[in-house]
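Hi,

Here's the structure I promised to pass on. Have a look at it first, then read my notes on the aromatic rings below.

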Amino acid sequence: IPSDPLTQFACVFSALIHDIEHQGVPNTQLVKEKIPIVSKYNERSVAEQNSVDLAWKLFMEDKYVDLRRELCGADRDLRRFRQLVVNSVMATDIMDVELK
């Protein structure tokens, strides 16, 4: 990580976005309450997946094209950055035994 600026930024970005629109309750409660986004994510890591989706949608807006170009010069870098973010945010779902 120390020698890879893209990974470093992915860690910071993930920390900033990991609780976007978090409902303040565990995923199991969201599933019990059957809130609309539960079915979108197949009842798995609902809050985490929603956070990534919302943040990525914002990050991909045209007004951030210069930021993306500086961070991820090539498409493969953007794909790697996204994967790092997804993996980092998904790791915050401590209740999903399949993610461990």
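Which residues do ring pairs link into a cluster? They are F9, F13, W56, F59 and F81.

Before you dig in: this is a predicted model, where local features need pLDDT of at least 70 and side-chain atom pairs count only at pLDDT 80 or more, while totals for chains, interfaces and linings use all residues. Residues are numbered from 1 along each chain as its sequence is written, and side-chain values use heavy atoms, with hydrogens and water left out.

Now for what counts as a pair. Rings of Phe, Tyr and Trp (its six-membered ring) pair if their centres lie within 6.5 Å; planes under 30 degrees apart are stacked, over 60 edge-to-face, and the rest tilted. That rule gives seven aromatic pairs. One of them is F9 with F13, a tilted pair at 6.0 Å centre to centre and 35° between the planes. Both sit in helix α1 (residues 5-17), four residues apart, or about one turn of the helix. (Helices are DSSP runs of H or I, at least four residues, numbered from the N terminus.)

F13 is buried at 12% relative accessible area, and F9 is partly exposed at 28%. Buried means under 20%, exposed over 50%, and partly exposed in between, using a 1.4 Å probe and protein chains only.

W56 and F59 also make a tilted pair, 5.2 Å centre to centre with 45° between the planes. You'll find them in helix α4 (residues 46-59), three residues apart, about one turn of the helix. W56 is buried at 13%, and F59 is buried at 4%.

Cheers

Key: Helix = DSSP H or I, 4+ residues; strand = E, 2+ residues; numbered from the N terminus.
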